[in-house]
Amino acid sequence: MKLVTAIALMLSLAQASGSDGISVSAGPMISNLAPMDSVYENRFLTPGTSAGLAVDIDAPGILDFRITGEYFWKNSSPIGWDGELSAFVISIMPLAKYEVFNKFSVFAGAGGVFITGNYSGTNDFGEFVEARGNTAGFTFAVGTEVVLAGPLSGRLEYRRSFADFKTDNAIIDGEESSVYPAEEYDLGSSQFCITFPLSLFGGSESIF
């Protein structure tokens, strides 16, 4: 529900901006997102999958403004880990975008990221732990974009996020328990994203 609300807000902002003559595009985004915590690497072995929506508001010149909303999930690993991890990831960032040659651009930028998620799984002591929480952090991105046909483009992007989460309670073996000292987790991540933005408003070949 939170992701749906975020997407609706993104599209509302996009339409309002497009009416002012600013170029606006939106499209689906999918990535192989991998949390940076070493515990994740040891238990899951492979990246998880995230999917969502990216909205770009492009002002005249090199400045671009990007809002993305993603849902990330990872189920049990091939080695038999019995838990799962899921999260909503919302990021907002300004970008510098430069057209290297006709229909091919490069970009880079940095901004803020908000993460809310759930974790469950067996810890090193054989206890089944469930925890949830949210945090905010910093993210940066670099990538390339090419116009494929008409209003449709393709984008390849690398992202790196930095965020920490701290909690003093969790559900252990079905019972709510206090955790002392409080556990701190690295919720930072790295990901390669593929996006197919469609020009909606303001561009020479926009669909509206």
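Biologist: Hi! Which residues form a nonpolar patch on the surface?
Modeller: I30, V146, L148, L152, L156, I194 and F196 do, and together they have about 580 Å² of accessible area. A patch here is built from residues with over 30% relative accessible area and no salt bridge; nonpolar side chains (Val, Leu, Ile, Met, Phe, Trp, Tyr) are joined within 5 Å, like charges within 9 Å. The areas come from the Shrake-Rupley method with a 1.4 Å probe, and for residues only the protein chains shown count as cover.

Biologist: Before I go on, what kind of model is this?
Modeller: This is a predicted model, where local features need pLDDT of at least 70, side-chain atom pairs count only at pLDDT 80 or more, and totals for chains, interfaces and linings use all residues. Residues are numbered from 1 along each chain as its sequence is written, and side-chain values use heavy atoms, with hydrogens and water left out.

Biologist: Thanks. Which strands each supply at least two residues of that patch?
Modeller: β7 (128-149) and β8 (152-162). Strands (E, at least two residues) and helices (H or I, at least four) are DSSP runs, numbered from the N terminus.

Biologist: And where is L148?
Modeller: L148 sits in β7. With 47% relative accessibility, L148 counts as partly exposed, because that label covers what falls between buried (under 20% relative accessible area) and exposed (over 50%), using a 1.4 Å probe and protein chains only.

Biologist: Let's zoom out. How many helices and strands are there in the protein chain?
Modeller: There are 2 helices and 12 strands. Starting at the N terminus, the order is α-β-β-α-β-β-β-β-β-β-β-β-β-β. The protein chain has 208 residues, and 41% of them count as buried. Its accessible surface is about 11,000 Å², with 61% belonging to carbon and sulfur atoms.

Biologist: What about contacts in the protein chain?
Modeller: Contact means heavy atoms within 4.5 Å. Of the contacts with a separation of 6 or more, 60% are accounted for by residues 24 or more positions apart.

Biologist: Next, I172. Where is I172 found, and in which strand?
Modeller: I172 is part of strand β9 (residues 164-172). Its relative accessible area is 21%, so I172 is partly exposed. Setting aside neighbours within four places in sequence, I172 is in contact with E127, F128, V129 and S177. C-alpha to C-alpha, I172 is 6.4 Å from E127, although the two are 45 residues apart in sequence.

Biologist: Is R160 buried or exposed?
Modeller: R160 is buried, at 17% relative accessibility. R160 lies in β8 and touches M36, F138, T139, F140, G188, S189 and S190, not counting residues up to four places away in sequence.

Biologist: Now charges. How many salt bridges does the count come to?
Modeller: The count comes to 7 salt bridges, each being a side-chain nitrogen of Lys or Arg within 4 Å of a carboxyl oxygen of Asp or Glu. One of them pairs R66 with D56, whose closest N and O atoms are 2.8 Å apart. R66 is in strand β4 (residues 63-74) and D56 in β3, so the pair ties together parts 10 residues apart in sequence. R66 and D56 are both buried.

Biologist: Which residue forms a salt bridge with R159?
Modeller: E157 does, with the closest N and O atoms 2.7 Å apart. R159 and E157 are both buried. Salt bridges that share partners join D56, D64, R66, K97, E145, R155, E157 and R159 into one network.

Biologist: Last topic: loops. Where is K103 found?
Modeller: K103 is in the loop between β5 and β6. K103 is not a glycine, yet has a positive phi of about 70°. At 42% relative accessibility, K103 is partly exposed.
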